[in-house]
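Morning, everyone. Please have the sequence and the 3D view open, and I'll walk you through the fold.

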Amino acid sequence: MSAQQNRLTPAPVRQDALCMCATGRSCSSFAAGHAVHLIQSRLVSATPSEWVDAIAVHSATDGTLTVLTLEGREIELWNGSGAAASVPQGAPVAFHPRYHALHAAGRLFNVLVV
């Protein structure tokens, strides 16, 4: 006789997949704008020519950060783990568009282009 398997319905599974940064705890998602995945970190390290130099021009309390590239293009980014709070206005940053990463204030952030 086999033991009965505990099967989860789709609703609880979706609920468990919600990111913990929405509740103020450490981020549990690797989606754009959340935690940096080890593979993402390695990919940006392996493609150094794709970084775009920029200057932080505006940050908001909702996690949105606006950067201005040296070519004059404004890019609005969002990060749930504090990139906007960590980067003061006028600070130099580097943005990696291919792997949605931002290097700022000595840290690597996973960002979402808004």
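Leaving out residues up to four places away in sequence, Leu77 touches Gly63, Thr64, Leu65, Val67, Phe95, Leu102, Val111, Leu112, Val113 and Val114. Contact here means heavy atoms within 4.5 Å.

A word on the source. This is a predicted model: local features need pLDDT of at least 70, side-chain atom pairs count only at pLDDT 80 or more, and totals for chains, interfaces and linings use all residues. Residues are numbered from 1 along each chain as its sequence is written, and side-chain values use heavy atoms, with hydrogens and water left out.

Now the overall layout. The protein has three helices and seven strands. Helices (H or I, at least four residues) and strands (E, at least two) are DSSP runs, numbered from the N terminus. Along the sequence the pattern reads α-α-β-β-β-α-β-β-β-β. Of the 114 residues, 30% count as buried. Buried means under 20% relative accessible area, exposed means over 50%, and partly exposed is in between, with a 1.4 Å probe and protein chains only. Of the contacts with a separation of 6 or more, 52% are between residues 24 or more positions apart.

Next, the sheet. Two strands pair if DSSP finds at least two bridges between them.

β3 covers residues 74-78 and joins β7 through two bridges, running antiparallel. Trp78 stands opposite Leu112 in β7. On the other pairing, β2 and β3 are antiparallel over five bridges. There, Thr64 has Trp78 as its bridge partner. The β2-β3 hairpin has four residues between the strands, and Gly72 takes a positive phi near 95°.

Which residues of β3 are covered, and which are uncovered? Ile75 and Leu77 make the covered face; Glu74, Glu76 and Trp78 make the uncovered one. In a regular strand the side chains alternate between the two faces of the sheet.

One more stop on β2, residues 64-69: Thr66 is found there. Thr66 is buried, at 12% relative accessible area. Setting aside neighbours within four places in sequence, Thr66 contacts Ile55, Ala56, Val57, His58, Glu74, Ile75 and Glu76.

On to the core. The largest nonpolar core has 16 residues; Leu65, Val67, Leu77, Val87, Val93 and Leu102 touch the most other members. By nonpolar core I mean buried Ala, Val, Leu, Ile, Met, Phe, Trp, Tyr and Cys residues joined through side-chain atoms within 4.5 Å. At least two residues each come from β1, β2, β3, α3, β4 and β5.

β4 deserves a look. Four of its five residues are buried, so β4 is mostly covered. β4 joins β1 through four antiparallel bridges, and β5 through three, also antiparallel. Ala94 is the bridge partner of Asp53 and stands opposite His103 in β5. In the β4-β5 hairpin, with four residues between the strands, His100 takes a positive phi near 35°.

Last item: charge pairs. How many salt bridges are there? The count is one, where a salt bridge is a side-chain nitrogen of Lys or Arg within 4 Å of a carboxyl oxygen of Asp or Glu. The pair is Glu50 and Arg98, at 2.7 Å, N to O. Glu50 lies in the loop between α2 and β1, and Arg98 in the loop between β4 and β5, so the pair ties together parts 48 residues apart in sequence. Glu50 is partly exposed, at 25% relative accessible area.

Pro48 sits in that α2-β1 loop. Buried or exposed? Pro48 counts as exposed, at 57% relative accessibility. The C-alpha atoms of Pro48 and His96 are separated by 8.8 Å, with the two residues 48 apart along the chain.
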